Amino acid sequence: MLITLSPARRDTPLTLSRNGDVLTINGEVFDFTPLPEGATLPREAIASDWFAGPVERVGGTLRLTLVLPHGANAPQETLFPAPLTLTGNGPVALPSYELETPDAD
């Protein structure tokens, strides 16, 4: 699975996990198992604001773009994220929502 991330300022962080062709986004399950080779599912056909483009199956690989929310003080790797190539199942590590700020004493 190849996921392109599209950064956007949002108040809700993203949690993501994968199990085969099934993505769980903030607890909501999206099963793309039925999508055949060479097919494209338009963004408008997906009932979620987390998708920023269509979902396609090319060469047996699912390709999709997800919104990557970030806070007001996001690090560079969140503002300019690298695509994710997922080969295993389980929780997906995402760039930080925002930089940790040291406590003022």
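Student: In what order do the four strands of the antiparallel open sheet come?
Tutor: Bear in mind that this is a predicted model: local features need pLDDT of at least 70, side-chain atom pairs count only at pLDDT 80 or more, and totals for chains, interfaces and linings use all residues. Residues are numbered from 1 along each chain as its sequence is written, and side-chain values use heavy atoms, with hydrogens and water left out. Helices (H or I, at least four residues) and strands (E, at least two) are DSSP runs numbered from the N terminus, and two strands pair if DSSP finds at least two bridges between them. Here the pairing is antiparallel, and the order is E4-E3-E2-E9.

Student: Which strands stand at the edges of it?
Tutor: Look for strands with a single partner strand, because one side of each of those is left without a neighbour in the sheet. That picks out strand E4 (28-31) and E9.

Student: How many bridges pair E2 with E3?
Tutor: Strand E2 covers residues 16-19 and strand E3 covers 22-25. They form a hairpin with two residues between them, and Gly-20 in the turn has a positive phi of about 65 degrees. Asn-19 has Val-22 in E3 as its bridge partner.

Student: Which residue in E9 stands opposite Ser-17?
Tutor: Ser-17 sits with Asn-19 on the uncovered face of E2, while Leu-16 and Arg-18 make up the covered one. E2 is joined to strand E9 (residues 90-91) by two bridges, and the two run antiparallel. In E9, Ser-17 faces Pro-91.

Student: What is the strand order in the open sheet of five?
Tutor: This sheet has mixed pairing, in the order E5-E6-E7-E1-E8. Strand E5 (40-41) and strand E8 (84-85) are at its edges with a single partner strand each, so one side of each lacks a neighbour in the sheet. Strand E1 (residues 2-9) pairs with E8 in the antiparallel sense over two bridges, with Ile-3 opposite Leu-84.

Student: How many aromatic pairs does the structure hold, and which residues form one aromatic cluster?
Tutor: The structure holds two aromatic pairs (ring centres of Phe, Tyr or Trp, taking its six-membered ring, within 6.5 Å; planes under 30 degrees apart are stacked, over 60 edge-to-face, the rest tilted). Phe-30 and Phe-51 make an edge-to-face pair, 5.1 Å centre to centre with 70 degrees between the planes, and Phe-30 in E4 is 21 residues from Phe-51, which lies in the loop between E5 and strand E6 (55-58). The rings of Phe-32 and Phe-51 have centres 5.8 Å apart and planes at 75 degrees, so this pair is edge-to-face too. The count is two, and the cluster is Phe-30, Phe-32 and Phe-51.

Student: Is Phe-32 buried or exposed?
Tutor: Buried means under 20% relative accessible area, exposed over 50%, partly exposed in between (1.4 Å probe, protein chains only). Phe-30 and Phe-51 are both buried. Phe-32, in turn, is buried.

Student: What share of the 105 residues counts as buried?
Tutor: The C-alpha trace of the chain spans about 55 × 25 × 25 Å along its principal axes. Its secondary structure comes to one helix and nine strands. Of the residues, the buried share is 33%.
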